[in-house]
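Subject: Structure handover

Hello,

Please find below the structure I said I would pass on. My notes on what was found in it follow.

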Amino acid sequence: MIKLVYSWLKKVEKEYGTPKSTQIIDIITSRFTLKLGVSEYFELELFDKKKYPTLKNCVGRKVSAKIDKALNQDGWRATANDKILNYSLLTHFNFPIPKTIATYRAGNARIDNEKSLSSPEQLHDFFTEHKEDPFFIKPVHGTYGRGTFSLSSYDINRCSFQSSTGKNISFDEIVSAGNNPGYKGLLIQKRFKHHSTIKNAVGDNISCVRVILIRDGLNAFVHRAFWKIARINNITDTFSYGKHGNLLADVDTTTGHIKRVITGFWPEKNPTSIHPDTGVELSDFQIPDWDLAIQQCIAASNIFSGLSLQSWDIAFCEEGPVLMELNTEPNLEVPQLLSEKPFIDERLLKILKKNNW
């Protein structure tokens with residue numbers, strides 16, 4: 001590890017002009033003030049003095065969690081983390097959400113009037129009835145794309161699915177996910193269709209924009225936004241520090257224009273403005289229906305008044321923006337890296353101080 005860190009120090013000094021001694025001082029200081037690990041300092045490019053002349057108000061994973069703890073009341077987290085509860089509230093207030101066709105092993109909880117399936121036999125019968133229908137399946141409680149499936153058709157005789165990426169998914173895999181106690185059941189949803197401009201730019205697979213919204217009493221504003229861009233071989237847009245091959249793009253919160261695209265973190269990152277599957281230029285790409293999406297996001301935030309830090313995933317579809325899900329406990333260091341400026345600004349700092357920061 002020492003040899004690796006020393007190689008990073010040399011690389012930064014050579015490429016960015018930041019002396020090794022300055023980096024070491026920053027690493028030690030940030031360890032105590034920002035709770036940053038050594039690798040985080042380099043991953044987040046905090047050595048770049050043009051972007052971060054001072055490390056004040058920068059965040060890493062631990063400070064990100066601290067901000068979430070300060071702004072979100074624990075008693076309200078279920079309204080975001082439980083997708084049935086979240087979708088039920090959004091449906092009641094007529095916000096656009098994914099269409100759920102059925103639930104599996106979710107008890108009697110329902111969003112609307114979808115079917116409630118409780119056994120593998122019922123699940124098999126359901127897929128037999130809808131063998132040609134495309135579905136997206138995800139856990140009632142789930143994060144980072146775990147337990148998700150994007151299915152195109154069901155082979156009754158083989159009890160297997162053709163996934164949207166061409167892979168075969170066995171029926172038993174779906175049943176196993178439904179039996180996972182941490183998932184609290186599965187939602188079987190209609191696969192949506194991207195807005196044509198989104199599809200042409202990044203393909204068919206799900207690629208949501210993450211909108212980070214801050215509430216200050218009755219007021220709400222968008223603090224950061226970024227686009228999670230899936231590759232052709234991935235059914236989710238989860239980035240996971242670049243290990244899945246997906247892309248991230250910084251989004252101008254006012255206009256919805258793309259400002260910067262990355263494929264990973266330093267030193268492996270490979271900045272690009274061309275989508276590797278479609279060949280489309282993403283620099284300055286305009287996300288459609290941006291103003292409407294932001295209006296919906298801010299309006300929906302009023303339902304969840306105990307969550308002052310809200311991270312909304314929005315899909316841009318032919319019928320308009322769709323609120324895919326609301327998240328708490330976000331990784332705030334990611335939008336900081338994308339925007340190349342400290343996550344905490346004066347407006348957010350004032351709100352944090354009102355919340356015992």
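Four elements each give at least two residues to the lining of the largest pocket: helix H5 (78-81), strand E3 (135-139), strand E9 (219-229) and strand E13 (320-327). Of these, E13 supplies the largest share, with four residues. Please keep in mind that this is a predicted model.

The largest pocket holds about 870 Å³ of space. Its lining is made up of 35 residues, and those closest to the centre are Thr143, Tyr144, Arg210, Glu325 and Asn327. Sorted by class, the lining of the largest pocket has 14 nonpolar, 12 polar and nine charged residues.

The second largest pocket has a volume of about 410 Å³. There are 19 residues in its lining, and Arg191, Gly203, Asp204, Asn205 and Ile206 lie nearest the centre. The lining of the second largest pocket divides into six nonpolar, seven polar and six charged residues.

Next, the aromatic rings. A pair of rings is described by how far apart the centres are and by the angle between the planes. The count for this structure comes to 18 aromatic pairs. In one of them, the ring centres of phenylalanine 126 and phenylalanine 135 are 5.5 Å apart; the planes stand at 35°, between the limits of 30 and 60 degrees, so the pair is tilted. Phenylalanine 126 and phenylalanine 135 are both buried.

A second pair joins tryptophan 290 and phenylalanine 316. Here the centres are 6.2 Å apart and the planes are at 15°, which is under 30 degrees, so the pair counts as stacked.

Some aromatic residues come together as a group: Trp8, Tyr16, Tyr41, Phe42, Phe47 and Trp266 form one aromatic cluster.

Two charged side chains sit over rings. Lysine 66 lies over the face of tryptophan 357, 4.7 Å from the ring centre. Arginine 347 has its charged end over the ring of phenylalanine 221, at 3.5 Å from the centre of that ring.

On the cysteines: how many disulfides does the structure hold? The number is zero. Cysteine 297 is in no disulfide, and the nearest cysteine sulfur, which belongs to cysteine 208, is 12 Å away. Cysteine 297 is buried, with a relative accessible area of 0%. For cysteine 317, the closest cysteine sulfur is again in cysteine 208, at 8.1 Å. A disulfide needs the two sulfur atoms within 2.5 Å, so the sulfur of cysteine 317 is too far away for a bond. Cysteine 317 counts as buried, at 0% relative accessibility.

A few single positions remain. Leucine 292 and serine 196 are 96 residues apart in sequence, and their C-alpha atoms are 17 Å apart in space.

The loop between strand E11 (258-262) and H10 holds lysine 269. Lysine 269 has a relative accessible area of 18%, under the 20% limit, so this residue is buried. Its C-alpha atom is separated by 9.2 Å from that of glutamate 43, which is 226 residues away along the chain.

Threonine 263 is likewise placed in the loop between E11 and H10. Threonine 263 is partly exposed, with a relative accessible area of 23%. Between the C-alpha atoms of threonine 263 and lysine 62 the separation is 23 Å, and the two residues are 201 residues apart along the chain.

Regards

Methods: Residues are numbered from 1 along each chain as its sequence is written. This is a predicted model: local features need pLDDT of at least 70, side-chain atom pairs count only at pLDDT 80 or more; totals for chains, interfaces and linings use all residues. Side-chain values use heavy atoms; hydrogens and water are left out. Rings of Phe, Tyr and Trp (its six-membered ring) pair if their centres lie within 6.5 Å; planes under 30 degrees apart count as stacked, over 60 as edge-to-face and the rest as tilted. Buried means under 20% relative accessible area, exposed over 50%, partly exposed in between (1.4 Å probe, protein chains only). A charge sits over a ring if NZ of Lys or CZ of Arg is within 6 Å of the ring centre and within 35 degrees of the ring normal. On a 1 Å grid over the protein atoms alone, a cavity is a set of points where a 1.4 Å probe fits but cannot get out, and a pocket is an open set with protein on both sides within 12 Å along at least five of seven lines; lining residues have an atom within 4 Å of a point. Grid points are joined across faces, edges and corners, and a volume is the space filled by probe spheres set on the points. Ala, Val, Leu, Ile, Met, Phe, Trp, Tyr, Cys and Pro count as nonpolar, Asp, Glu, Lys and Arg as charged, and the others, Gly among them, as polar.
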